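Me: Hi! Could you walk me through this one with me asking as we go?

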Amino acid sequence: MSHEVANDRHPLPREGGRGEGSQVTEHPVLATEGLTIRFGGHVAVNNVTAEFRPGTLTAIVGPNGAGKTTYFNLISGQLPASAGTVKLYGEDITHLGAAQRTRRGIGRAFQLTNLFPNLTVLENVRLAVQSRAGLGLNLLSLWSDHVEAREKAEHFLHRVALAERGGETASALSHGDKRKLEVAILLALEPDIFMFDEPTAGMSVDEVPVVLELIGYMKAQGDKTILLVEHKMDVVRSLADRIIVLHNGYLVADGDPAEVMNSPIVQEAYLGAGVADHV
Amino acid sequence: MMTRILSGDFPRSRLLTALLLAVFAGLALAPFLFPGARAINVAATICVFVVLAASYDLLLGYTGIVSFAHTMFYGIGAYGVGLSLHGVGPTWSAVLMGLTIALGLSLGLALVIGLFSLRVKAIFYAMITLAVASAFAVLASQLSDLTGGEDGRSFGVPEALRPGFRLVEAEIFGTAINGKLLTYYLVFFGALSLFLFLLRVVNSPFGRVLQAIRENDFRAEALGYRTVVYRTLANCLSAATATLAGALMALWLRYAGPQTTLSFTIMMDILLIVVIGGMGTLYGAAVGAALFILAQNYLQALMRQASEGLTAVPLLANLLHPDRWLLWLGVLFVLSVYFFPTGIVGKLRSLKRE
């Protein structure tokens, strides 16, 4: 009954192609149109329309409760939209579940560590490699026989400096290492769209650079669409090509980092007078 | 070679290896080592219950699904083969036909129950399976024209499996090579292959996804695994294996009835075997089934001996009176769950680590 699942991803419809410096003119990979979700009377994300293009790192900022993570959940399919659409390569994927969206190339790392606690660190990453390879429904081959999947998983663990800890159970890792593992799992999915939800939250100072370098590296590839929710303004400034500001569920600013940072509405809504100087 | 047969899943504890080898050797040579009718019956029951408990562990221990419908699938297998042999006559084609119908029915039911209810919360799924299984048990006893009602159905088996059949006239180690022996080995090798098949499934990429779903289904879904598909497939596999176990039991007993297959007592036995042996490891099912069935069959006799030996101490003799064997069986369960919360296998493996 061994069964290879075809990968149902779109080929990347590129105009310029990688390395020609034409990233910004390419079609949007991902777009949300009028995306809205209501929880009872509360509208957590309200009519948000935005497009995301390959080769661009978009930082999504806003105060706590602004709807950033909820917006992520709507894009990756963890929550169903009340109204509006999510489009991937121009195709409406609003009706698809989280698993199908992942298979189409939307990869997501979670803000609250979300792992398989009693499986080993390596197994956590391997499950992502295996999902990407479409091996999940393979019933009769031995897990340990898929050497290429293991090597790939080890490679991604190495990337986040966790190679030595592959044999430990995920629950035994420190908070910072769990965050790194979360990033390794996202890398292992090899998505077209990377969604990082506060990847460095709760990390110690010396651990942060590993993750930031990785995000920088992904960005330098030029063909990845990266969405980043981040509170640390220095991180946002160093990485972002574009900033979207959410406030009370509304998109209140969208554009070039310097421009957005200096716009009065952002200063007031998000940064507050005191923090503005810091930025 | 061993790696392939055991799917790379070794016992990982010397004591456990010894225990498993003892169970395996005991079962493989049972007709020669323990010639009595009762002993061989116990051995066959252990074989079937190893598979039954292992297939249940695929759901409970590996996927984290609590189902009470396992005996229903077991019963479908037993009744399928039994009613077919009863209706058509004692031929192999009747066995095959009964098996095919039973497997079809089991898979269909498992699929429907799975698709309709594996989306809901675990407790609701448990309740739904309980309801379906109860309904099925009532149905089996009400349709007495077909199933024989509460009395069940006795039936003839193909000639090669009848006690009167002799494969060779000579005896080996004082044991006649007759149909009963052939039936025993049909049960033994059937159970062994099913067990090894399950061992392969849980050590396949699919098996790891099941564990991932048990650990964190939300995250498994986010990795791109449609958990409903995986859960339903695990449900179907488990149901099919239980059906085959039921068919083996029916061939062994030459009888299918509600008490031996569909009763809730058996469901509880399976649960206890899996918990005592250790959830999430198939070896637990093997060790658990062997100990459980042995205790169920021999504890009473053991207590009778102890009680008779202790007549000098009336209090102890009274406490160990064979009529109280169920009480002591209960005490043994409580103690084993208390001292081995991760089951016998979990305990043995952690001993090694220390």
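Predicted model: local features only at pLDDT ≥ 70, side-chain atom pairs only at ≥ 80, totals over all residues.

Me: Thanks. Back to A:N47: what is its relative accessible area?

Reply: A:N47 has 49%, which makes it partly exposed. Buried means under 20% relative accessible area, exposed over 50%, and partly exposed in between (1.4 Å probe, protein chains only).

Me: Which residue of chain B has a positive phi without being glycine?

Reply: B:R12 is one, with phi near 60°. B:R12 sits in the loop between α1 and α2 (14–28) of chain B, and is partly exposed at 47%.

Me: Ok, chain A overall. How many helices and strands?

Reply: Chain A has 9 helices and 10 strands. Of its 279 residues, 55% are buried. The accessible surface of chain A is about 11,400 Å², with 52% of that belonging to carbon and sulfur atoms; such areas come from the Shrake-Rupley method with a 1.4 Å probe, and for residues only the protein chains shown count as cover.

Me: And the contacts inside chain A, how many join residues at least 24 apart?

Reply: The figure is 69% of the contacts in chain A between residues at least 6 apart in sequence. Contact here means heavy atoms within 4.5 Å.

Me: Why is helix α1 of chain A called largely enclosed?

Reply: Because 8 of the 9 residues of α1 (residues 68–76) of chain A are buried, the helix is largely enclosed by the rest of the structure. Among the buried ones are A:Y71, A:F72, A:L74 and A:I75. After α1(A) comes A:G77, with a positive phi near 95°.

Me: Switching to the interface. How many residues of each chain are in contact?

Reply: There are 29 residues of chain B in contact with 34 residues of chain A. In chain B, B:P205, B:R219 and B:L223 lose the most area to chain A, together 25% of what that side buries.

Me: How much do the two chains bury between them?

Reply: About 2,800 Å², 63% of it on carbon and sulfur atoms. Buried area is the accessible area (1.4 Å probe) that two parts lose on being put together, summed over both.

Me: What about polar contacts and salt bridges across it?

Reply: The rule finds 18 residue pairs in polar contact across the interface, both at pLDDT 80 or more. A polar contact is a pair of N or O atoms within 3.5 Å; within protein, one must be able to donate a hydrogen and the other to accept it, and residues adjacent in sequence count only if both atoms are side-chain atoms. In chain B, α10(B) gives the most to the side that touches chain A, with 7 residues. By class, that side has 14 nonpolar, 8 polar and 7 charged residues; Ala, Val, Leu, Ile, Met, Phe, Trp, Tyr, Cys and Pro count as nonpolar, Asp, Glu, Lys and Arg as charged, and the others, Gly among them, as polar. The salt bridges between the chains number 3; the term means a side-chain nitrogen of Lys or Arg within 4 Å of a carboxyl oxygen of Asp or Glu. A:E123 and B:R208 form one of them (2.8 Å, N to O).

Terms used. Residues numbered from 1 in each chain as written. Chains lettered and ligands numbered in written order. Heavy atoms only, no water. Helix = DSSP H or I, 4+ residues; strand = E, 2+ residues; numbered from the N terminus.
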